[in-house]
Amino acid sequence: MKLLFPKFDPTSLKVRLTFGIAAVSAIGLGGLATWTSIRMQQILVSTHKENIVYIAERFPHDVEIYSDMVSLEMGAQKAIDNLSDENKILWVKNNNIVTALSAKLEDEAIAKNLLSLKNVPPIPQVQDLKGSYWLLCASPLKVKGVDLGQFYIAQDITSDQIMFLNLIRSLSIATLIAIAAMTITIAFYINRSMKPLKRISQITSNISADKLNEAQIHLDKAPSEVRELADTFEQMLERLGQSWEHQRQLLSNVSHELRTPLTIISGYLQSTLRRGQNLTDIQREALTTASSEADRTVQLLRDLLDLARADSGAIHFQNEKIILNDLIVDVAEMAQQYCDRHIKIESPNQLIAIEADLNRLKQVLLNLIDNAVKYSEPDTKITVSLKLCSKSEDAVMAVCDRGVGIPLQQQPRIFERFYRIDEARNRAGGTGLGLSIVKTLVEGMGGKIAVRSQLGEGSTFTVCFPAV
C-alpha cells in the first residue's frame, strides 16, 4: 500500500474507494467464512448427536432383554459392554453410585473427568473437558417399572473437533490472505484507473495565462467519462485563451493609441511652460502639475506596452557579450543625471562578462536605481555592486538602498503587476509596473532576480546571470 499511496490522504478518492471496496469484500468473505464454519460444525456434531440419541433410545430395550436372563444391574452392564467402543463411553449412576460402566472408565483420568460431571443435559451437547472434547447427554433409566437411576452417554470427538478447529484456522488465514490480496489488487486497479485524472491535474497545474491556447489534454485510453471531462477542460481553456488574448490585444491597442496624443499633450504643456513668460504663479503651478501627470501617464502606457509585448512574445533580445564592470559605471553616471543622489559603485578588479541584451540590461539597472531613489531618503546613499559568486560562478549585480524596507510577508508579491505595498512607499507616485517589467526582462534574458529587505534598514535587489 505504501507504493500505491506515497502520501496517505484519507480524504482522497483513491483511498476512499480502496478501503470502501476492501471493507465490503472483507465483510462478504468474512460472512461467508463464518457461515461455512457454523455449517461445518453443525454437520460434524449432528451426525454424532443422531448416533447418541439412537443409543439412548435403544439402551433401555437392550437392558430389558438381558434382564430376562440376569438381574437388571447385570443386564445394564451387558448392554453397556455391547454398546461401548473406543470413542463411546456409557455408565449408569443411581443415587451418586455408579452401578454399571464401560471398561474405558477404569482409566482414572477419564473417570475423573466424566464421573464427576453434574447437570448433564438430556440433549447431546459438546463440552470441553481439560482439552478433550466430549458429546454428552443423560436420561432417566427405567426398566420393567424399576428406576435404575440416570443413564449417561459420552462420545469422544476430540480428533474431529481438533480437525475442525484446524480447518477453521486455515480458513481464517486463507480469508485474511484473500482480503489482503484483494485489497492490494483493488488499490492497484484504482490507482491505475485514477492516472488519467492525475494526468489532467498535472497538465492543468502547469498551464499559465500565456499558454492557454497551447494547452491540450490527450487521454486516448482513458474511460469515456474522463475523456469527456478532458474535452470539457480543453474547451474551457480555449475560451479562456481567447478571452485572455482579446484582453491583451485590447490593452496593447489602447496603450498604443493613447500614448501618441498624451505625448503631444505633454509636449504642448512643456512648451507653454517654457514660453509663457506672462503666466501667473497659479497658472504655472497648474500647468506643471498637468505636465507631470501627463509624463507619468505616458510612462505608464510605455510600461503597459512593454508588458503586452512580453506576454505576446514580441520582445526580442539581442544578446551579446557585455563587460559588467564598465556597464555599472555607465548606468550610475546616467542615473546621476536625473537624480541628485550619490551612487556608490563597488566593482572588483577582475573583469566579469555575461551574455545579455545591453539596452534591456541598462533598462533593468536604471529601473532598480530609480526604485531605490524613490523609496529612500534624500540624504542616504545608493550602492551598485558587482561580484562573481564563487559557488555558482554567476555574475551578481546588486542595487542597495537605505530606505524604509519591505515587510517580509509582502516581499514575494512585489514583482506582481500593479502591486504596491502601502501609501508610505507610494509617495513617489509609482505605478506598480516597474519591478514587474524588470523581472520580465531579466528572466527573458536568462537571468534571475531576488530581493532581500528589512524594515527600517533598506532593500537590496540582486540580479544574477551566468558568467562567461
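Here are some notes on this predicted model, going from the overall fold to single side-chain pairs.

1. **Overall make-up.** The protein chain contains 10 helices and 12 strands. Of its 468 residues, 38% are buried. Looking at contacts with a separation of 6 or more, 62% are between residues 24 or more positions apart. The chain exposes about 28000 Å², and carbon and sulfur atoms supply 55% of that area.

2. If you want a pair to look at, Val-126 has Leu-135 in E4 as its bridge partner.

3. **A nonpolar surface patch.** Leu-13, Leu-17, Ile-21, Leu-197 and Leu-229 make up a nonpolar patch on the surface, with about 380 Å² of accessible area together. Helix H1 (residues 13-66) gives the most to this patch, with 3 residues. Leu-229 belongs to helix H6 (residues 224-275). With a relative accessible area of 36%, Leu-229 is partly exposed.

4. **A salt bridge within H1.** The whole structure has 8 salt bridges. In one of them, the side chains of Arg-58 and Asp-62 meet at 2.8 Å, N to O. Both residues lie in helix H1, 4 residues apart, about one turn of the helix. Arg-58 counts as partly exposed at 31% relative accessibility, whereas Asp-62 is buried at 9%.

5. **A salt bridge between loops.** Glu-86 forms a salt bridge with Lys-104, with the closest N and O atoms 3.6 Å apart. This pair links distant parts of the chain: Glu-86 sits in the loop between H2 and E1, and Lys-104 in the loop between E2 and helix H3 (108-115), 18 residues apart. Glu-86 is exposed, with a relative accessible area of 58%, while Lys-104 is partly exposed at 27%.

6. **One further pair.** Arg-413 and Glu-416 also form a salt bridge, their closest N and O atoms being 3.2 Å apart. Arg-413 is partly exposed at 39% relative accessibility, and Glu-416 counts as partly exposed at 34%.

Terms used: Residues are numbered from 1 along each chain as its sequence is written. This is a predicted model: local features need pLDDT of at least 70, side-chain atom pairs count only at pLDDT 80 or more; totals for chains, interfaces and linings use all residues. Side-chain values use heavy atoms; hydrogens and water are left out. Helices (H or I, at least four residues) and strands (E, at least two) are DSSP runs, numbered from the N terminus. Buried means under 20% relative accessible area, exposed over 50%, partly exposed in between (1.4 Å probe, protein chains only). Contact means heavy atoms within 4.5 Å. Accessible areas come from the Shrake-Rupley method with a 1.4 Å probe; for residues, only the protein chains shown count as cover. Two strands pair if DSSP finds at least two bridges between them. Patches are made of residues with over 30% relative accessible area and no salt bridge: like charges are joined within 9 Å, nonpolar side chains (Val, Leu, Ile, Met, Phe, Trp, Tyr) within 5 Å. A salt bridge is a side-chain nitrogen of Lys or Arg within 4 Å of a carboxyl oxygen of Asp or Glu.
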